[in-house]
Amino acid sequence: MADAFYRKKDHMKTIKRREENRKVDVTQIIRVDMVFDGVESKGWVHTHGMWEAFGLPDLEIVHVSPLFLMPTAGGMLNHIAQYMVDGVSPGNKTGAKPLALGEKMGLGGMVVVKFELAEPLNKNDLDAIAGHYTTPRWRAVPVPEMYECAHPAHKEEKPS
Ligand SMILES: [Zn+2]
């Protein structure tokens, strides 16, 4: 049985009609769940509320080290969710653009993610499927092809 950890503010507010240019704080509206099955397991960090409040896909990151990187993964999802909402908000002045599946997104520093359509990791977990995969959900995944090691011995031969 997996334990679920919730952000303290786990309520969902009805979104008010927002004034133009007024930035919505998505963390006040969406919830981030952090689910894992013991400290040696791989955690599943995911949002609820993006679809209901904004008509945008919910998000997830899988295979997260629990009790270590889960809060960081949750922060990433909040950041991505905020960008997605800003990107479709009329007159937003944040520079955010609508995101699409397959698109790459830089998160500052070294981190680049891209988005895939999320599918349940366990096709037999019908409760998890019913609660999470009946509406659109994107999985943020790493983009290893964006990186190469700077050490000369590790440089890949570039095809000419
Ligand atoms: Zn959940």
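How many of the seven residues of strand β4 are buried? Five are, and β4 is mostly covered. A residue counts as buried if 20 or more other C-beta atoms lie within 10 Å of its own, as exposed if 12 or fewer do, and as partly exposed in between, with C-beta atoms placed from the backbone.

This is a predicted model, in which local features need pLDDT of at least 70, side-chain atom pairs count only at pLDDT 80 or more, and totals for chains, interfaces and linings use all residues. Residues are numbered from 1 along each chain as its sequence is written.

## Overall layout

The protein chain has three helices and seven strands. Helices (H or I, at least four residues) and strands (E, at least two) are DSSP runs, numbered from the N terminus. Along the sequence their order is β-β-β-α-β-α-β-β-α-β. The protein chain has 160 residues, and 24% of them count as buried. Among contacts in the protein chain with a separation of 6 or more, 46% are between residues 24 or more positions apart. Two residues are in contact if their C-beta atoms, placed from the backbone, lie within 7 Å.

Strand β3 covers residues 43-48, and six of the six are buried, so β3 is largely enclosed by the rest of the structure. Gly 43, Val 45 and Thr 47 are buried on one side of β3, and Trp 44, His 46 and His 48 are buried on the other.

Two strands pair if DSSP finds at least two bridges between them. The pairings described here are listed below.

| Strands | Direction | Bridges |
|---|---|---|
| β2 (residues 31-36) and β3 | antiparallel | five bridges |
| β3 and β4 (residues 58-64) | antiparallel | four bridges |
| β4 and β7 | parallel | three bridges |

β2 and β3 form a hairpin with six residues between them. In its turn, Gly 38 has a positive phi of about 95°. Met 34 has Val 45 in β3 as its bridge partner. Val 45 also stands opposite Ile 61 in β4, and Gly 43 stands opposite Val 64 in β4.

Leaving out residues up to four places away in sequence, Val 45 touches Val 32, Met 34, Glu 60, Ile 61, Val 64, Met 70, Ala 73, Gly 74 and Leu 77.

Helix α2 (residues 70-88) has 19 residues. From its first C-alpha to its last, α2 reaches 27 Å, close to the 27 Å expected at 1.5 Å a residue. The expected span is 1.5 Å times one less than the number of residues in a helix.

The buried residues of α2 include Met 70, Ala 73, Gly 74, Met 76, Leu 77, Ile 80, Ala 81, Met 84 and Val 85. Seen down the axis of α2, the buried residues fall within an arc of 165°, so they line one face of the helix. The arc is that of the directions from the helix axis to the C-beta atoms. An α-helix has 3.6 residues a turn, so residues three or four places apart point the same way. The buried residues of α2 pack against β2, β3, α1 (50-54), β4, β5 (104-106) and β7 (137-142).

A nonpolar core is a set of buried Ala, Val, Leu, Ile, Met, Phe, Trp, Tyr and Cys residues joined through C-beta atoms within 7 Å. The largest nonpolar core has 27 residues, of which Val 45, Leu 77, Ala 81 and Ala 140 touch the most other members. Two or more residues of this core come from each of β2, β3, β4, α2, β6 and β7. The largest share, eight residues, comes from α2.

## Positive phi and partly exposed residues

Most residues other than glycine have a negative phi, and most peptide bonds are trans. His 63 is not a glycine, yet it has a positive phi of about 60°. His 63 belongs to strand β4 and counts as partly exposed, with 13 C-beta neighbours inside 10 Å. Leu 67, also not a glycine, has a positive phi of about 60°. Leu 67 is in the loop between β4 and α2 and is partly exposed, with 13 other C-beta atoms within 10 Å.

Val 112 lies in strand β6 (residues 112-117). Val 112 is partly exposed, with 16 other C-beta atoms within 10 Å. Val 112 and Val 141 are 29 residues apart along the chain, and their C-alpha atoms are separated by 8.6 Å. Not counting residues up to four places away in sequence, Val 112 touches Lys 104, Met 105, Gly 106, Val 143 and Met 146.
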